[in-house]
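Here is a short note for a colleague new to this structure. Please read it with the model open.

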Amino acid sequence: GDLVLAMFEDFWYRATIIEAKDNNCSEVDMFDFAMVKTVPNSDLRRASATICNSPVLAVKCCLQSWVGKDEKEAQLEYGPKIKKLMEEYGNVEVEVLEKCDKFMKIKIESVENKLLIKE
């Protein structure tokens with residue numbers, strides 16, 4: 001749970017360490033961008049108090065239709081499609097259904113309806 005800076009694709013992100021791996025890597029949660037990645041320990045730096053005290057830039061959300069599904073499976077099945085839909089729609093109306101412990105359950109009706117259509 002240590003706060004660090006983590007390098008990913010040539011950019012530094014604020015992150016918390018989730019798990020230290022055996023291969024000199026750590027799984028980190030880049031919470032400002034809702035990304036969990038495994039990065040080499042050599043790409044981690046201790047974060048200063050000033051950086052740690054800045055407000056979080058993102059809130060982790062889960063689409064209502066995904067609640068209870070395996071996160072990695074959902075990302076593989078729907079990830080590319082939702083990315084394309086979000087680019088197509090641009091701004092979308094989001095309804096917050098519930099504030100859970102670690103995320104918000106949301107509904108994006110226009111996008112979720114298209115996600116359920118098999119291509």
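1. Start with Ser26. Beyond its neighbours within four places in sequence, Ser26 is in contact (heavy atoms within 4.5 Å) with Ile17, Glu19, Ala20, Lys21, Lys37, Thr38, Val39, Asn41 and Leu44. This is a predicted model, where local features need pLDDT of at least 70, side-chain atom pairs count only at pLDDT 80 or more, and totals for chains, interfaces and linings use all residues. Residues are numbered from 1 along each chain as its sequence is written, and side-chain values use heavy atoms, leaving out hydrogens and water.

2. Is Ser26 buried or exposed? Ser26 counts as buried because its relative accessibility is 4%. Buried means under 20% relative accessible area, exposed over 50%, partly exposed in between (1.4 Å probe, protein chains only).

3. Ser26 and Asn41 also meet through their side chains, in a polar contact of 2.6 Å. Such a contact is a pair of N or O atoms within 3.5 Å; within protein, one must be able to donate a hydrogen and the other to accept it, and residues adjacent in sequence count only if both atoms are side-chain atoms.

4. Ser26 lies in strand β3. Strands are DSSP runs (E, at least two residues), numbered from the N terminus. β3 (residues 25-30) runs antiparallel to β2, with four bridges between them. Strands pair if DSSP finds at least two bridges. Thr16 has Asp29 in β3 as its bridge partner. Four residues separate the strands in this hairpin, and Asn24 has a positive phi near 60°.

5. Now the other hairpin. β1 (residues 3-8) and β2 (residues 11-20) are antiparallel and joined by six bridges. Phe8 sits opposite Phe11 in β2. Two residues lie between these strands, and Glu9 has a positive phi near 50°.
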